[in-house]
Amino acid sequence: MILTRGARITGAVLCVLLAVIVAGWLVRDLQAVDDPGQLWKYWAGYYEMYEMRPAVLPTTSADDAMLLVAYVVAAVAALRSSVAGTVLVATGVVTLAMRLPGLWNIGESRMDAAYSDDLRTRALVCAFVALAAGIALIITAGAGRRPPRDFSEVTPGRPGQGAGVTAFLLLGAAGAVVIAWEIRQAVRFPEFYPDWYLGGNRAIQALTDPPPGWSSALVALLCLYAGTSALCRAVHARPFGMIAAGALLSSGVLGVARAVHYDFLDHFGDLPTEEQLAVLTWFFEVVTGAVVLIVLARRGTADAPAQPHQGYGQGYGYPRSGVFGPPPPSQPPPGW
C-alpha cells in the first residue's frame, strides 16, 4: 500500500506544524539564556548548572532538539519516501507518547513555582495541539492508503536481511541496557518513585518534556519493538528504528559530553564500577544510534507488485483457473 498525494501533503503539513511548535520553544530558550552554551550544559546535566539554578529556567531538553530533526525528516519523507505511511504513524505515536504527560504535569505546583502563568498556558495549549496533530498523523496514514496502480509506483521498502539482523542485535541490546539501568535506579533510589515516571517534586524535568523515567521507558520500548520488527523485515521497522536510534544517539552524545567535561576518560580506572559502566553505556549508545541510523536509512527492498495475469484473452499462455475455451495456438499468427 502507498499513500495518496493528498495524504502525503496533509502529513507533511502536520509534521511542519509540530516542527514549528518545537522550534518556537527552542528559540525562546536560546533568547532567555545569556549564552547558548548554558543551554547545552543544562541539557547535558552538568552538575554546576543545577547548583547555580539559572535565573531563567529552560523549557526544553535535548529530546526537543531530537524531535525537531525527526519532524523535519518526516515532513520530507511524507512527500518523497515510499514508506511515508509508516513514517507518519511512527511520528504520530512518538508525539503522543512524548506530549501526553504534559497534560497532568504542566499545571502542577512545582511548575507554577518555576515558570510564569503565561508560559505554562502556552505550553498546555501546545501540548493539546501536538496531541491533536499526532492523532491526525495516524488517521491520515490510515485513511490515505491505496494500492499502487502500476509498476511505476514504488511500494514501501523493507529493511534488507543484513540491516534487519544488525538493527535487531543493536537495538535489542540497547533496550536491554536501558531497562537494566531503570531497574538499578529503582533499587538504589526507591524514594523517587512514582515521580520518576509520572512526574512530581522529586523528579527534574523541563516544562514541555515528559518525566525522565517516562522518556527512558519509551526509548526502551521503541528499541525492543523496532528491533523485533527489523528482524521480521517489517516495513514499519525503518521509521521506528530510526527514531529509536536518534534518541539513543542524543542520549549518548550528552553522556559522552559529561564524561569529557569531568575528565572521566582520563581517570577511567579510578572511577567506581557503576560510573565506569555508565561511561561505557554512553559510548555504546552513540555507536548503536549511529550504526542503526546508517543501516536503516538505506533504501529498503520493495515487494514485487502483483503481475497482471496473462491468461485467456490477454496474450498467449494458459487460461485463468475456471475459464474454459480453446487452447492457445501452437504456432504464432501469420505476420507475427
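Asp29 is in contact with Leu39, Pro58, Thr59 and Thr60, leaving aside its neighbours within four places in sequence. Asp29 lies in helix α1, and with a relative accessible area of 0% it counts as buried, because buried means under 20%. The model described here is predicted. Its chain has 336 residues, 44% of which are buried, and its secondary structure comes to 13 helices and four strands.

**Contacts along the chain**

- Among contacts in the chain with a separation of 6 or more, 74% join residues 24 or more positions apart.
- Ala90 and Ala74 are 16 residues apart in sequence, and their C-alpha atoms are 9.3 Å apart in space.

**Nonpolar cores**

- The largest nonpolar core contains 68 residues.
- Within this core, the residues with the most contacts are Leu88, Leu171, Leu207, Leu222 and Cys223.
- Helix α1, which covers residues 5–32, gives the most to this core, with 10 residues.
- Another core lies apart from the largest one and has seven residues, including Val256, Ala259, Leu271 and Ala278.
- Leu222 touches Val94, Gly227, Phe240, Ile243 and Ala244, when residues up to four places away in sequence are not counted.

**Ala90 in helix α5**

- Ala90 lies in helix α5.
- The relative accessible area of Ala90 is 0%, so this residue is buried.
- Beyond the residues up to four places away in sequence, Ala90 touches Pro239, Phe240 and Ile243.
- Phe240 and Ile243 are also touched by Leu222.

**The second largest pocket**

- The volume of the second largest pocket is about 660 Å³.
- Its lining consists of 27 residues, and Ala70, Val73, Met242, Ile243 and Leu293 lie nearest its centre.
- Four helices each supply at least two residues of this lining: α4 (62–80), α5 (84–99), α12 (237–261) and α13 (273–297).
- By class, the lining of this pocket has 19 nonpolar, five polar and three charged residues.
- Ile243, one of the residues nearest the centre of the pocket, is also a contact of Ala90 and of Leu222.

**The largest cavity**

- A search of the whole structure finds one cavity of 30 Å³ or more.
- The largest cavity holds about 120 Å³ of space.
- Its lining has 15 residues, of which Arg99, Cys126, Ala127, Ala130 and Thr208 lie nearest its centre.
- Helices α1, α5 and α8 (117–143) each supply at least two residues of the lining of this cavity.
- The classes in this lining are 11 nonpolar, two polar and two charged residues.

**Cysteines**

- The search of the whole structure finds zero disulfides.
- Cys15 has a relative accessible area of 0% and is therefore buried.

**Backbone features in the loops**

- Most residues other than glycine have a negative phi, and most peptide bonds are trans.
- The peptide bond from Tyr193 to Pro194 is cis, with omega near 5°.
- Pro194 has its place in the loop between α9 (161–188) and α10 (195–198).
- Arg233 is not a glycine, although it has a positive phi of about 60°.
- The position of Arg233 is in the loop between α11 (212–231) and α12.
- Arg233 has a relative accessible area of 30%, so this residue is partly exposed.
- Asp263, a residue other than glycine, likewise has a positive phi, near 60°.
- Asp263 lies in the loop between α12 and α13.
- Asp263 is partly exposed, because its relative accessibility of 38% falls between the limits of 20% and 50%.

Notes. Residues numbered from 1 in each chain as written. Predicted model: local features only at pLDDT ≥ 70, side-chain atom pairs only at ≥ 80, totals over all residues. Heavy atoms only, no water. 1 Å grid on protein atoms, 1.4 Å probe; cavity = no way out; pocket = protein on both sides within 12 Å on 5 of 7 lines; lining within 4 Å. Points joined across faces, edges and corners; volume = space filled by probe spheres on them. Nonpolar A, V, L, I, M, F, W, Y, C, P; charged D, E, K, R; others polar. Core = buried A, V, L, I, M, F, W, Y, C linked by side-chain atoms within 4.5 Å. Buried < 20%, exposed > 50% of the residue type's maximum accessible area, 1.4 Å probe, protein only. Contact = heavy atoms within 4.5 Å. Disulfide = S-S within 2.5 Å.
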